[in-house]
Amino acid sequence: MIRFFSRYFGTALATLYMLACYAFIFLPVGVLVLFSFQDGRLPVPPFHGPTLAWYGRALGNDRLMAGLGNSLIVGAVSSALSVLLGFLAAYGIARYIFPGRRALQAFLVLPLAVSYLLIGMGLLVTLSAFGLSPSLEMVVVGHVVINMPLAFAIVLAQLGEHQRRMEWAARDLGASTARILLTIVVPLIAPALIAAFCLCFTLSWDEFLISFLVTRFDVTLPVVIWTMLRGGLNPQTNAVGSIIFAGSILLVATVEALLFGKRRA
Amino acid sequence: MARTLAPVVAVERSANEARAARRDRLAGAAFTLPALIWILIFFAAPLVLMAYFSFTPLSPTGGRGAIGLGNYRAFFAESAYVEALWNSVVTTAIVVVLSLLLAYPFAFAIATKVPRSWQRLALAVAILPFWTSYVVRSYAWLLALSPSGVINWTLHALGVTHHPLMLAYNPGATILGFVHFFIMLNTLTIYANLVQINPRYVLAARDLGAGAWRSFLTITLPLSIPGVMVGAFLTVVLCIGDYVTPQILGGFRELLLPQVIMMQIQRQLDLPMASTMSLLMTIVVAIVYLAMQRWLRMARL
């Protein structure tokens, strides 16, 4: 009897704790999204509305849209470069045996264990040492440094043995390495490549510190939002934040479906 | 016939293998080269340059001084700087402990109380806000904590308080913002570790008469330490280097090291000093890494 109660009690307690955690985790996002529909000048209770006015304002804000455009370009270019370099390196390490392979693998993922501040500082110091001016190109460079190791790790995990047999067969039939890569390897691991691209893109278009350090006039979206924050609480910022949130969720859901969806079915 | 030919075949094969091995070396190196060069030029070289900067302090006239430890001496002579480093270390330690204590039961509940087929979804939902822009996430906390924000409004409506509490712009708000983010991260790493533990161990212990608590403390908990440590280390790296959360939520009375670093860059225009501070921060992270290495190696997440 006591055992039955203690078990019942334990499950109830666990459920309650989980609900409390979910509530805590969703509190800020909930507030953010709810008050992006606020019909009033301040994103605080009581709630009036809903209205889409602030979304209209945000979409009509030239600086925000310029930042968004820059972020999309930086995200696309840096993610494409990250996936390309990461894929090539992963293929080299998975398919060829050469000295220093393990050490090289460890070295290539090293940037993952370092804070963005350090990477951004390094690039800033480099700009200053060579007398270069801050630019969006440097943001691309920095984002490849932080995202390429990730793409590399994802692709490396997906380069399995079963694909290797097909590669051997193709080689036996006289296909060149380039042809094997393009007609066998890339199509076989395309889901992983797309997933890596989406993940890199999410991290890139969200990244603030490196972008903040190495740009000046032409800036990315998070930097524009940062300058907007100086103006205090504003439903327009809520609207932009909600748009970014929705975009990221969409990309992450794509990653999830591509990497894990097939395995479950 | 076959006997006489065997050595020839063997020689030919070994020559083929040697050729293949050489080709492997060249091709493997060629494939990894672009990534390697990128990391060398844009990651390793800048760090070396930064180290060099840190050893050449700005002279009072504005030019570059002689090589020496001047910046490091200056850092430890300035109490405000040392205090910022200390604040960062203490804040990070509090955040690590709090987020682990809160995340562990959460991950454990998801791994043990939620039906297997729903666990992935439960986890995905638990880390959903992880994907909001991190500038926006701190701003969202500001919304919730502000004097007229949701929390104060609710407290007032319930009659708990009569005057709004000053919840934002203090070190507590910074810690709250951090803990919120790192609960999600640690739930993820701890859950990933918990589901890898063979459930038969616990069943065996229960069969032998151990209670729920005892089997948890002697089996599940020790086996989940690698996941806890990976989460803790990621928390240290990301927390100690974060500028956004303290800058938005923390107010200006107690500064953290990244805020002081950004001040060096933006106000003092002293890149060498900023480099010195960034490297000192990295040394702290490296010490943490060395201390935790034993467990981090065990974790293959």
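User: Which domains is chain B divided into?
Analyst: This is a predicted model, in which local features need pLDDT of at least 70 and side-chain atom pairs count only at pLDDT 80 or more, while totals for chains, interfaces and linings use all residues. Residues are numbered from 1 along each chain as its sequence is written, and chains are lettered from A, with ligands numbered from 1, in the order in which they are written. Chain B is divided into domain 1 (1-54) and domain 2 (78-298), with bounds that come from an automatic or database domain assignment.

User: What separates the centres of those two in chain B?
Analyst: Taken over C-alpha atoms, the centres of domain 1 and domain 2 of chain B are separated by 41 Å. Even so, 4 residues of domain 1 of chain B are in contact with 6 residues of domain 2 of chain B, where contact is counted if the C-beta atoms, placed from the backbone, lie within 7 Å.

User: And chain A, which domains does it have?
Analyst: Chain A is divided into domain 1 (2-37) and domain 2 (63-264), and 34 Å separate their centres over C-alpha atoms. The contact between them takes 5 residues from domain 1 of chain A and 6 residues from domain 2 of chain A.

User: OK, new topic: how many helices and strands in chain A?
Analyst: Chain A has 12 helices and 0 strands, counted as DSSP runs numbered from the N terminus, with at least four residues (H or I) for a helix and at least two (E) for a strand.

User: What radius of gyration does chain A have?
Analyst: Chain A has 23 Å, whereas a compact globule of 265 residues would have a value near 18 Å; the radius is taken over C-alpha atoms, and the globule rule is 2.2 Å times the number of residues to the power 0.38. Along its principal axes, the C-alpha trace of chain A spans about 75 × 70 × 30 Å.

User: What share of chain A counts as buried?
Analyst: Of its 265 residues, 43% count as buried, meaning that 20 or more other C-beta atoms lie within 10 Å of the residue's own, against 12 or fewer for exposed and a number in between for partly exposed, with C-beta atoms placed from the backbone.

User: How many residues has the largest nonpolar core?
Analyst: The largest nonpolar core has 152 residues, and those with the most contacts inside it include A:Ala151 and B:Leu143. Such a core is a set of buried Ala, Val, Leu, Ile, Met, Phe, Trp, Tyr and Cys residues joined through C-beta atoms within 7 Å.

User: Which residues does A:Ala151 touch?
Analyst: Leaving out residues up to four places away in sequence, A:Ala151 touches A:Ser82, A:Val83, A:Gly86, A:Phe87, A:Ala196 and A:Cys200.

How values were computed: Two residues are in contact if their C-beta atoms, placed from the backbone, lie within 7 Å.
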